[in-house]
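Q: Could you walk me through this one while I have it open? I'd like to start with the packing and then go to the ligand.

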Amino acid sequence: YTGILHSKPDGVKGNTLIRIGTAPSIFELLSACESFKEIIVTQNTDQNCQELQKWLKREPGAFNWTPVVKYACELEGDRNKWAEKEEKLRRRVKQILECDVSKFNPVTFASLPPADCLLLCHCLEATCNDLSTYRAALKNISSLLKPGGHLLMLTVMKCNYYMIGQHKFPCLFLEKEVLEEAVKEAGYDILKFEVTPICYPASLVEHEGISYLVASKGKGKED
Ligand SMILES: C[S@@+](CC[C@H](N)C(=O)[O-])C[C@H]1O[C@@H](n2cnc3c(N)ncnc32)[C@H](O)[C@@H]1O
């Protein structure tokens, strides 16, 4: 995401970014906070919300993200800016909301102005059991994005499952063409779509690479 958000002259930026289906992690937001003034984080569990709040409010027991923040700053060119970035991110996260991508209106308890950007990281493939559910979820979340706004999506490709500790979780097996078609069908123009052979450790995820997608929501098309 550092590359996608900062690549010039077509870097993705704007006023509001909505992060869909966040675990209590902040790593994808570290570059986003340089390109967006307001970040809205959405989660489907209370535990994720509470864990993230702990870090935002510097509460005791909060996860120590500093090594990750330092690394992100190093990628952006100045490792020494880590403390400044932590503060900036804390300021830019304006809301943490409940979200269910399977619902027609995924963020039920809030009325949000349409966002400039949606950010998804390993979310829908881990959440949807089949392709029709995946396509529907993509359309559901797209209602949160303004026409001409950007979708940034990181996806594990050709993955059947992933491990967290001893627990095995299913993942929707996606190939490039299928993903491309689903994104286009949801009303997007694909601007960049790269599949890298870079993989997470095989002991954690059985997959064949990670894809980075940047798409723009078609103007005047239906959600
Ligand atoms: C594989 S995790 C990815 C988490 C995070 N993006 C990351 O890379 O650390 C999938 C995420 O989807 C969320 N999720 C599961 N079902 C969901 C739903 N119906 N609506 C929204 N998010 C959901 C889970 O809470 C989890 O945080």
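Q: What is Ile 39 in contact with, leaving aside its neighbours within four places in sequence?
A: Ile 39 is in contact with Leu 17, Arg 19, Leu 29, Ala 32, Cys 33, Arg 92, Val 93 and Lys 94, where contact means that C-beta atoms, placed from the backbone, lie within 7 Å. This is a predicted model, in which local features need pLDDT of at least 70, side-chain atom pairs count only at pLDDT 80 or more, and totals for chains, interfaces and linings use all residues. Residues are numbered from 1 along each chain as its sequence is written.

Q: OK, new topic: which residues are closest to the ligand?
A: The closest are Gly 21, Ala 23, Asn 44, Cys 121 and Ala 126, and 16 residues surround the ligand, each with its C-beta atom, placed from the backbone, within 6 Å of it.

Q: And where does UniProt put the "binding site"?
A: The unreviewed UniProt entry places that feature at Asn 48, Asp 100 and Val 101; such annotations may be inferred rather than shown by experiment.

Q: Is Val 101 buried or exposed?
A: Val 101 counts as buried because it has 23 C-beta neighbours inside 10 Å; the cut-offs are 20 or more other C-beta atoms within 10 Å for buried, 12 or fewer for exposed, and partly exposed in between.

Q: What about Asn 48, then, and what does it touch?
A: Asn 48 counts as partly exposed, because it has 19 such neighbours inside 10 Å. Not counting residues up to four places away in sequence, Asn 48 touches Thr 22, Ala 23, Pro 24 and Gln 43.

Key:
Two residues are in contact if their C-beta atoms, placed from the backbone, lie within 7 Å.
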